[in-house]
Amino acid sequence: MHILRTLQGAGHAAWVVGGSLRDTLREARVDDWDLTTSARPEQTQALFDDAVYENAFGTVAVRTGDPSVGEVEVTTLRSDHDYADFRRPHHVEFTDSIELDLARRDVTVNAMAWGGRPDEAPTLIDPHDGMVDLEAGILRAVGDPRRRFDEDALRMLRVVRLAATLGFDIEPGTLAGIQSRADNVRHLSGERIAAELSKMLAAPIPSVALRLLADLGLLAPISPELAAQRGVPQNKVPGEDLWDHTLRAVDGAATEPSYIRLAALLHDIGKPKTMAEGRFLGHDAVGAEIADDLLDRLRWRRDERDRIVSLVRHHMYGYVPDWSDAAVRRFIAKVGPEVLPDLFLLREADNLGSGRPHHAGDLDEIRGRVRRELDAGVVLDRRGLAIDGDDLQRELEIPPGPRLGTILDALLDRVIADPVVNTRGTLLAIARGLARAVEP
């Protein structure tokens, strides 16, 4: 309201628009506020001390200093022209018409405006019957769906995301428009796809969006490997295929950390490529490579990408209760103690995706055994050894090189198998025997 009144007080028309208005009318929480105004970008920027002109499309970011509001985007009224790459207009023409500005928006529930011109009482502008569709829970493209999606292919992903996050239905004409233009998604940048996919996975039931992506032909341009899961038989839930299993796993995955749902989506991505005689040998290793490549194309943040790839690579661990304590310690060292909590969350999701209880497969038991080993200070790498390479060089006169590393790795394996031997004297004695066995 402060920004709206400031613009109007300076003689400019201004309205609240887009998802912020839609969610206000739904009495839902608003996370991002958007305004449009007749003021040109430089005029808007001049009215606010902490404002930045962000791009060539007329958007000024106004930083409010209020954590509950954050940054407000104020965009000059515009009509777009010359969409040639299915992503964004090559040319933007500013206008003074709110009706022209709303006519370029994606769906009717996002094509309303509240506010007005200076000295006018605020009113709702709704030229495309957005309130009717809002009350009915319907997503309908503004104007000709094919034209809307030819202008910006991201709008198709946005419609799917809104269907999942709002719980709305997509009206038939808009569905048909998406199906006819689905292949245009391949023109989008990885970052834009990733932003929408992240929001889909945060939906209350993410499988709603994911199933729509597959059914409407949007999934294959994003990931042909995921699209290939449809129809692949799975001996898990009767009547369901691999794609159904994946969707069950995603729905069953923990919401925090947020990347667990993405890991659940990708955990079996290697199965179609490795399928032979009803088996999927090595699908975890192959899947890790495919997931790494996909996340690279999506420009996913590096820390989450590395964690997800590790989870896909290790998700097929086969714990049985007769594992020795040494086997548990080797498991911890192989996977990494920082990854294991997430791996167990992924196993919960995989269990639910297979129609089993979340704790199936002795999950509670392996969790407890791992925790006891970590609490006992288990040695997991060379840094935990009672001696190091300098000791071996000095005491045994072993020069630096591969032989030294081989001996240190063998010592680590001995300590993981039996932590009692991790003393200086014992390890030096073991090292002397290893030095004789390992040729220079």
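In what follows, Ala, Val, Leu, Ile, Met, Phe, Trp, Tyr, Cys and Pro count as nonpolar, Asp, Glu, Lys and Arg as charged, and the others, Gly among them, as polar. The structure described here is a predicted model.

We begin with empty space inside the protein. Rolling a probe the size of a water molecule over the atoms shows where such space is left. The structure holds 1 cavity of 30 Å³ or more, and the largest cavity contains about 100 Å³ of space. Its lining consists of 16 residues, and Leu 197, Leu 213, Leu 219, Ile 222 and Leu 265 are those nearest the centre. Several helices take part: H9 (190–201), H10 (207–215), H11 (219–222), H14 (259–266) and H16 (283–297) each contribute at least two residues to this lining. By class, the lining of the largest cavity has 15 nonpolar residues, 1 polar residue and no charged residue.

The second largest pocket has a volume of about 400 Å³. Of the 18 residues that line this pocket, Lys 236, Met 316, Asp 350, Ser 354 and Arg 356 lie nearest its centre. Its lining comprises 3 nonpolar, 8 polar and 7 charged residues. Helix H19 gives the most to this lining, with 3 residues.

Helix H19 (residues 340–353) also packs against helix H18 (residues 325–335), with the axes 10 Å apart and at an angle of about 100°. Angles of 65 to 115 degrees count as roughly perpendicular, and H18 and H19 are therefore roughly perpendicular to each other. Where they meet, H18 provides Phe 331, Ile 332 and Val 335, while H19 provides Leu 340, Leu 343 and Phe 344. The residues of this contact divide into 6 nonpolar, no polar and no charged.

Notes: Residues are numbered from 1 along each chain as its sequence is written. This is a predicted model: local features need pLDDT of at least 70, side-chain atom pairs count only at pLDDT 80 or more; totals for chains, interfaces and linings use all residues. Side-chain values use heavy atoms; hydrogens and water are left out. Axes are lines fitted to C-alpha atoms, for helices over the stretch in contact, and angles run from 0 to 180 degrees between N-to-C directions. Helices (H or I, at least four residues) and strands (E, at least two) are DSSP runs, numbered from the N terminus. Angles under 35 degrees count as roughly parallel, over 145 as roughly antiparallel, 65 to 115 as roughly perpendicular and the rest as oblique. Contact means heavy atoms within 4.5 Å. On a 1 Å grid over the protein atoms alone, a cavity is a set of points where a 1.4 Å probe fits but cannot get out, and a pocket is an open set with protein on both sides within 12 Å along at least five of seven lines; lining residues have an atom within 4 Å of a point. Grid points are joined across faces, edges and corners, and a volume is the space filled by probe spheres set on the points.
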